[in-house]
Amino acid sequence: MTASDYPDTPTGKPLWLITLADLALLLVGFLVLLQASQHIGGKDLAKGIRQGFGANDAEPAPMPVAAAGILDFAPGSAILPTTPGALVAWAREAARDPRVMLTVTGSTDGTPVDIDRATGSAAILAADRARTVAAALAAVAPARVAIVTATKPGRRTAIVSVAFVGESQKGQIQRIPQ
């Protein structure tokens with residue numbers, strides 16, 4: 001084979017010029033997006049982008065970053081087995097940051113004796129354990145404590161978890177007394 005057997009390459013624009021034009025158009029599009037979104041808040045812009053891509057509008061659940069709790073409740077009881085002083089001190093320190101939420105999760109061990117005596121419900125006993133611990137934490141941050149129950153049996157506990165939830169909805173910061 002010789003060089004004459006190959007077809008001649010057509011003359012055209014160099015490849016780097018096409019790539020440069022693509023990059024320039026992307027930059028112009030980005031600048032237009034910045035200019036158009038100047039009067040929109042960050043949360044509204046993120047919501048609009050999520051809707052544009054068809055994502056659901058629900059906020060993700062806060063991820064716990066630390067946890068402590070009261071363990072080994074007596075079977076069928078929501079009475080605190082130990083004094084909650086250390087837990088309250090831990091929660092007070094964690095709640096110094098006004099952007100965190102405390103979640104108290106009550107649980108039962110799933111045995112037939114670990115139920116609420118009045119109703120025969122393990123879920124009510126788990127909620128009672130969580131409410132008992134939340135009552136001990138009432139002086140720490142009453143507006144930032146949520147009570148939930150565990151969905152599966154585990155230990156007879158009430159666990160307090162700390163999760164970062166961001167700035168408050170009202171834009172005001174709540175300080176915790178020392």
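**Entry 1. Charges**

I count Lys and Arg as positive and Asp and Glu as negative, leaving out His and the chain ends. With this rule I looked up the charges of the chain, working from a predicted model. I found 16 positive and 14 negative side chains in the protein chain. The centres of these two sets lie 12 Å apart.

**Entry 2. Overall form**

I next looked up the secondary structure. The protein chain has four helices and four strands. Read from the N terminus, the order of the elements is α-α-β-α-β-α-β-β.

How does the radius of gyration of the protein chain stand against that of a compact globule of 178 residues? I noted 29 Å for the protein chain, whereas such a globule would have a value near 16 Å. I also noted the box that the C-alpha atoms fill, which is roughly 95 × 50 × 30 Å along the principal axes.

Of the 178 residues, 23% count as buried. The chain exposes about 12,400 Å², and carbon and sulfur atoms supply 63% of this area.

For contacts, I considered those between residues at least 6 apart in sequence. Among these, 77% join residues at least 24 apart.

**Entry 3. Salt bridges**

How many salt bridges does the count come to? I recorded six salt bridges, and I looked at several of them in turn.

I began with Asp72 and Arg155, whose side chains meet in a salt bridge with an N to O distance of 3.0 Å. This pair links distant parts of the chain, the two residues being 83 residues apart. Asp72 lies in the loop between strand S1 (64-70) and helix H3 (85-94), while Arg155 lies in the loop between strand S3 (145-149) and strand S4 (158-164).

Arg156 is partly exposed, with a relative accessible area of 23%.

I also looked up Glu93 and Arg96, which form a salt bridge whose closest N and O atoms are 3.0 Å apart. Arg96 counts as partly exposed, at 35% relative accessibility.

*Trp16.* I located Trp16 in helix H1 (residues 15-36). Trp16 is exposed, because its relative accessible area is 58% and the label applies over 50%. I also compared the position of Trp16 with that of Arg96. The two are 80 residues apart in sequence, and their C-alpha atoms are 55 Å apart in space.

*Met63.* Where is Met63 found? I found Met63 in the loop between helix H2 (42-52) and S1. Met63 counts as exposed, at 64% relative accessibility. Setting aside residues up to four places away in sequence, I noted that Met63 touches Val162, Ala163 and Phe164. I also looked up Ser161, which is 98 residues from Met63 along the chain. The C-alpha atoms of Met63 and Ser161 are separated by 9.3 Å.

*Val148.* I placed Val148 in strand S3. Val148 is partly exposed, with a relative accessible area of 35%. Which residues does Val148 touch, not counting residues up to four places away in sequence? I listed Thr103, Val104, Thr105, Gly106 and Ala130. As a last entry I looked up Glu93, which is 55 residues from Val148 along the chain. The C-alpha atoms of Val148 and Glu93 are separated by 22 Å.

Methods. Residues are numbered from 1 along each chain as its sequence is written. This is a predicted model: local features need pLDDT of at least 70, side-chain atom pairs count only at pLDDT 80 or more; totals for chains, interfaces and linings use all residues. Side-chain values use heavy atoms; hydrogens and water are left out. A salt bridge is a side-chain nitrogen of Lys or Arg within 4 Å of a carboxyl oxygen of Asp or Glu. Buried means under 20% relative accessible area, exposed over 50%, partly exposed in between (1.4 Å probe, protein chains only). The radius of gyration is taken over C-alpha atoms; the globule rule is 2.2 Å times the number of residues to the power 0.38. Contact means heavy atoms within 4.5 Å. Accessible areas come from the Shrake-Rupley method with a 1.4 Å probe; for residues, only the protein chains shown count as cover. The place of a charge is taken as NZ of Lys, CZ of Arg, CG of Asp or CD of Glu.
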